[in-house]
Amino acid sequence: MVTDSEMLPAEGKRQNETLVITASSLGTVFEWYDFYLYGLLASVLSHHFFSGVNETTGFILALMAFAAGFAVRPFGALVFGRVGDVVGRKNTFLVTMAIMGLSTFAVGFLPSYDTIGVAAPIVLMLLRLLQGLAIGGEYGGAAVYIAEHAPPGKRGFYTSFIQTTAMIGLILASTFVVTLRLFMDEDSFNDWGWRLPFLFSIILLSVALWIRLQLEESPVFQRMKEAGATSKAPLKEAFGEWRNLKIVLIALFGAVAGQAVIGFAAHLYPLFYLERIARVDGATANFLVAAALTIIIPSFIFFGWLSDRIGRKPIMMTACVIAVFVYFPLYKALVVAANPAMAAAVERAPVQVAADAGECSFQFDPVGRNSFDATSCDIAKSYLAKNGINYANVAAPPGTVASVRIGARTLAVPDPAGLDKAGRAAAVASFDAAAKAELDAAGYPDRADPARVNKGRVLLILCTFGLLATMVYGPLAALLVELFPARIRYSSLSLPYHIGNGWIGGFMPTIGFAMVAATGDIYQGLWYAVVIAAVTAVVGILFLPETYKRDIEA
């Protein structure tokens, strides 16, 4: 059977393929533009929408709102995946694009907590949830649509452009924010300038929808529809039959979970580390991350192309194994390169908190009722947590008043027992001032010295993180398409992808920094990525099939 594309002249065919890749990938640009924009502005959004709680809790809540959009992605995958398998690929991702874009645009108009109170974070959360539902159907549609247009032997290469455009979204967001910060004073940016990137998204949405309207339906789906071979109940067939559900689980734990944490450990987690832990100024941190992302873009296409020749599995599993062994040393090297004074102070004058563990709260309060001033342990840890100071815990006998040791000096922490609210506030202020003085004397800097940030070394480390991400992400779309039969493909691949990237990866910044706040160890959150990458390596090596030579028409 001769298809329409085969009847076209060579130049016309190339234009058609370019349109398919461009239009399909624009949704990914939009998805990652919003994703990274929210990550870049987490501290600002925390100030505007979660100002009713303490600083540490507000930042974690901002990350939770960020993660909320990821939490509902699997549900969007079920809803839109079914529509895509029953109605068609094209119309489904037109709808998801519109919902996703309008939700991002609306954040730019949202009043702050100071204006409408608790309604502000609630509406922000609802917009994140709505966007997450739409994104749940976006990636699967793009991956399926491109792969079903790609000639045999080029699916990895063609679908790798989806991942490439993801980086374009990240770079676009980062460039926009960096440019605004360079040309606006800090107060203006924090007051209203942060809204501009969200408002700009309406332009991206208009262009993306216009281009997508030029598309026709996927040829594979069209042939299935003409033959009456589409599934009437794709969700039941995909997840209610063990032979298909088994592949879904293998795809999740043997590929996507590792890809998700390695991706987040390359793109967003380093930004939080640079700003919150290494205390590099926001503009410099954003620039370095954006520069690294720009440098590694071609490697997405390279690993997609390479996977068409040697297979998807060996490339992806190699990245997972490497990640397990390099994350801790590389993140420590990142702090040293970005803020050598901080790294030297940690080595020269390590901080320890000696306290009765029973008096120590988890430094997170989602309802804003705990000011962490009821015990001496809370007073000490609250100050250290909100300032990103690495510390170790030392157990003390029950009833012991906490103390903080900074190098060879020991700082007494006030006992708030018996003090009224005003007395506690005064005690906390006194301790904070004393702790800052001791940390200053020990060489702990308030901010990284721009002149001492080793930008070349930081960039090299960030590129290493990015290279690992391209190894797992470049071949991923083709792998997922090839794992599942055409009649249930949209539903089957969307769910594991969005459970992995929505739940496992999306909650990585929140869980990681909550672990840091709870333990005081600035590297503690890395265990999350390391353990999941290790699980993916084991499951993938043992159970993930190789797919690069499969016929996807079946």
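Guide: Phenylalanine 543 sits in helix H25. The model it belongs to is predicted.

Visitor: Why does phenylalanine 543 count as exposed?

Guide: The relative accessibility of phenylalanine 543 is 53%, and exposed requires over 50%. Phenylalanine 543 is therefore exposed.

Visitor: Which residues form a nonpolar patch on the surface?

Guide: The patch consists of Val321, Phe325, Val538, Ile541, Leu542 and Phe543. Together these residues have about 630 Å² of accessible area.

Visitor: Which helices each supply at least two residues of that patch?

Guide: They are helix H17 (313-338) and helix H25 (526-543). H25 gives the most, with 4 residues.

Visitor: Why is threonine 159 called buried?

Guide: Threonine 159 has a relative accessibility of 0%, and buried means under 20%. The value is below the cut-off, so threonine 159 is buried. Threonine 159 is placed in helix H9 (residues 155-183).

Visitor: What is threonine 159 in contact with, leaving aside its neighbours within four places in sequence?

Guide: With those neighbours set aside, threonine 159 contacts Ala143, Ile146, Ala147, Ala477 and Ala478.

Visitor: How many residues has the largest nonpolar core?

Guide: The largest nonpolar core has 144 residues. Tyr273, Tyr327, Tyr331 and Leu476 have the most contacts inside it. H17 contributes the largest share of this core, 14 residues.

Visitor: What is tyrosine 327 in contact with?

Guide: Apart from neighbours within four places in sequence, tyrosine 327 touches Val261, Ile262, Ala265, Phe465, Leu468, Leu526, Ala529 and Val530. Another core, of 23 residues, lies apart from the largest one; Ala349, Cys377, Ile379 and Ala435 are among its members.

Visitor: What makes cysteine 360 and cysteine 377 a disulfide?

Guide: Their sulfur atoms are 1.9 Å apart, and a disulfide needs the sulfur atoms within 2.5 Å. The pair therefore meets the criterion. By this rule the count comes to 1 disulfide.

Visitor: Why is the disulfide of cysteine 360 and cysteine 377 given its handedness?

Guide: The torsion about the S-S bond is about 105°, so the disulfide is right-handed. The pair links distant parts of the chain, 17 residues apart. Cysteine 360 is in the loop between strand E1 (351-355) and helix H19 (376-386), and cysteine 377 is in helix H19.

Visitor: Cysteine 360 and cysteine 377: how is each classed by accessible area?

Guide: Cysteine 360 has a relative accessible area of 23%. Buried is under 20% and exposed is over 50%, with partly exposed in between, so cysteine 360 is partly exposed. Cysteine 377 has a value of 1% and is therefore buried.

Visitor: What makes glutamate 148 and arginine 489 a salt bridge?

Guide: The N to O distance between their side chains is 3.0 Å, and the cut-off is 4 Å. The pair therefore counts as a salt bridge. Glutamate 148 is in helix H8 (residues 119-149) and arginine 489 in helix H23 (residues 489-505), 341 residues apart. Both glutamate 148 and arginine 489 are buried. The structure holds 9 salt bridges.

Visitor: What does arginine 312 pair with?

Guide: Arginine 312 meets aspartate 308 in a salt bridge at 2.8 Å, N to O. Arginine 312 also meets glutamate 482, at 2.5 Å, N to O. Glutamate 482 lies in helix H22 (residues 476-483) and arginine 312 in the loop between helix H16 (282-310) and H17, so that pair ties together parts 170 residues apart in sequence.

Visitor: How do you know whether arginine 312, aspartate 308 and glutamate 482 are buried or exposed?

Guide: Buried means under 20% relative accessible area. Arginine 312 has 1% and is therefore buried. Aspartate 308 has 10%, so it is buried. Glutamate 482 has 4% and is buried too.

Visitor: Which residues are linked in a network of salt bridges?

Guide: The network links Arg155, Asp308, Arg312 and Glu482.

Technical notes
Residues are numbered from 1 along each chain as its sequence is written. This is a predicted model: local features need pLDDT of at least 70, side-chain atom pairs count only at pLDDT 80 or more; totals for chains, interfaces and linings use all residues. Side-chain values use heavy atoms; hydrogens and water are left out. Patches are made of residues with over 30% relative accessible area and no salt bridge: like charges are joined within 9 Å, nonpolar side chains (Val, Leu, Ile, Met, Phe, Trp, Tyr) within 5 Å. Accessible areas come from the Shrake-Rupley method with a 1.4 Å probe; for residues, only the protein chains shown count as cover. Buried means under 20% relative accessible area, exposed over 50%, partly exposed in between (1.4 Å probe, protein chains only). A nonpolar core is a set of buried Ala, Val, Leu, Ile, Met, Phe, Trp, Tyr and Cys residues joined through side-chain atoms within 4.5 Å. Contact means heavy atoms within 4.5 Å.
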